[in-house]
Amino acid sequence: MGKQLAVRKQLRDSVAQDIQARVAIHKENIARLHSANSGTQHFTGEITRRPLVLFANGDSWFDYPLHGNIPLPGDTDIIAQLRKLGAVPPTILNLAVAGDTSVGEMSLDRQAEMIKQLSDKSNWIDGKPDAILFSAGGNDIAGEAFCIFLDFNDGKSAGLNVDRFTKALGMVEACYLDLFTIRDRIVPGVPIIGHCYDFPIPNGSHPICAGPWLKPSLDFCHWSLADGTRIVHNALAELRNRLKKLAADPDNNFHLVETQGTFKPEDWANELHPYPDGFKIMANKFAAELDRLLGPTFS
């Protein structure tokens, strides 16, 4: 038990140190932007005259330090790809942590760090970010918890237990609503942009460091690959429906990037993540949404 607690503490400390290192780099980037602009005209609120400055929080779709399944240097996730897009690429403070659930992202420590960084006006050009990017909900479904939402294959059930799964989506929704409340209190008016993942293939493919996230639960409940693919598709479609309802309420100032149905089977590196080119496709979708909301900054 003592060793387990020590490992958990070491992991928490490592995440905290990594986030602080990211914050320090971001502050240097903001200072460099101001320095490059000194002596000329001052930055204005017109985004077309400067790079976007964004805040991001999320899971491995925003924090993926692998190249497919291979541990090569450098992240390949949506945020990493977005930082390369446009004539003047955006500056992004990214607090995402691979493997996080929406509950983890909005937990006490993480929420406090998010509020701290959003409140720090030195992190931003105009006192607050131009937009908040959020990736959450996938890990609340996948992983060892996935079996909770499955019925055993008795020849009668459809696979996904709608009652239990709906309750899980309620917790995901609560986390998004909490994020909206924090935004309204700390940086009012800033749009929040999220996504709904895509339809993975639960074939057990995974990198050596993590997973598989879907096939073990499907095997445990005696569902075939074909059935499992259908079950996972239905689960992700329901997540999208829940997020679409949040986006439909203008008071939420929440905008959903339509990502489902994008990937071909060969685009998937494993059960949950695409290859870098797949993440780039998704980054371009985020760029298009940022253009729509904030003006032509990428196009």
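Guide: A search of the whole structure, a predicted model, finds 15 salt bridges.

Visitor: What makes D126 and R50 a salt bridge?

Guide: The closest N and O atoms of D126 and R50 are 2.7 Å apart. The cut-off is 4 Å, so the pair counts as a salt bridge.

Visitor: Which parts of the chain does the pair of D126 and R50 tie together?

Guide: D126 lies in the loop between α4 (108–119) and β3, while R50 lies in the loop between α1 (2–37) and β1. The parts tied together are 76 residues apart in sequence.

Visitor: Why does R50 count as buried, and why is D126 called partly exposed?

Guide: R50 has 7% relative accessibility, and buried means under 20%, so R50 is buried. D126 is at 38%, which falls between 20% and 50%, so D126 is partly exposed.

Visitor: Where do K167 and D163 lie?

Guide: Both are in helix α6, four residues apart, about one turn of the helix. K167 has 55% relative accessibility; exposed means over 50%, so K167 counts as exposed.

Visitor: How far apart in helix α7 are D219 and K215?

Guide: D219 and K215 are four residues apart in helix α7 (residues 215–220), about one helical turn. Their salt bridge has its closest N and O atoms 2.8 Å apart. D219, at 39% relative accessibility, is partly exposed, and K215, at 30%, is partly exposed too.

Visitor: Which residues are linked in a network of salt bridges?

Guide: D18, R22 and D63 are linked in such a network.

Visitor: Why is the aromatic pair of W61 and W268 called tilted?

Guide: There are 14 aromatic pairs by this rule. For W61 and W268, the angle between the planes is 55 degrees, and the centres are 6.5 Å apart. Planes under 30 degrees apart count as stacked and over 60 as edge-to-face, so 55 degrees makes this pair tilted. The pair links W61, in the loop between β1 and α2, with W268, in the loop between β5 and α9, 207 residues apart. W61 is buried at 3% relative accessible area, and W268 is buried at 9%.

Visitor: What makes the pair of Y176 and F254 edge-to-face?

Guide: Their planes stand 65 degrees apart, with 5.5 Å centre to centre. Edge-to-face needs over 60 degrees, so the name applies. Y176 is in helix α6 and F254 in strand β5, 78 residues apart. Y176 has a relative accessible area of 0% and F254 one of 2%; with buried set at under 20%, Y176 and F254 are buried.

Visitor: Where does Y176 stand in the largest nonpolar core?

Guide: Y176 is among the residues that touch the most other members of that 80-residue core, along with L82, L133, F146 and L290. Helix α6 (residues 162–186) gives the core its largest share, nine residues.

Visitor: How does the reach of helix α9 compare with the expected span?

Guide: Helix α9 (residues 276–294) has 19 residues and reaches 26 Å from first C-alpha to last, close to the 27 Å expected. Among its buried residues are F279, M282, F286 and L290. The buried residues of α9 pack against β1 (53–57), α2 (78–82), β3 (131–134), β4 (192–195) and β5 (254–257).

Technical notes:
Residues are numbered from 1 along each chain as its sequence is written. This is a predicted model: local features need pLDDT of at least 70, side-chain atom pairs count only at pLDDT 80 or more; totals for chains, interfaces and linings use all residues. Side-chain values use heavy atoms; hydrogens and water are left out. Helices (H or I, at least four residues) and strands (E, at least two) are DSSP runs, numbered from the N terminus. The expected span of a helix is 1.5 Å times one less than its number of residues. Buried means under 20% relative accessible area, exposed over 50%, partly exposed in between (1.4 Å probe, protein chains only). Contact means heavy atoms within 4.5 Å. A nonpolar core is a set of buried Ala, Val, Leu, Ile, Met, Phe, Trp, Tyr and Cys residues joined through side-chain atoms within 4.5 Å. Rings of Phe, Tyr and Trp (its six-membered ring) pair if their centres lie within 6.5 Å; planes under 30 degrees apart count as stacked, over 60 as edge-to-face and the rest as tilted. A salt bridge is a side-chain nitrogen of Lys or Arg within 4 Å of a carboxyl oxygen of Asp or Glu.
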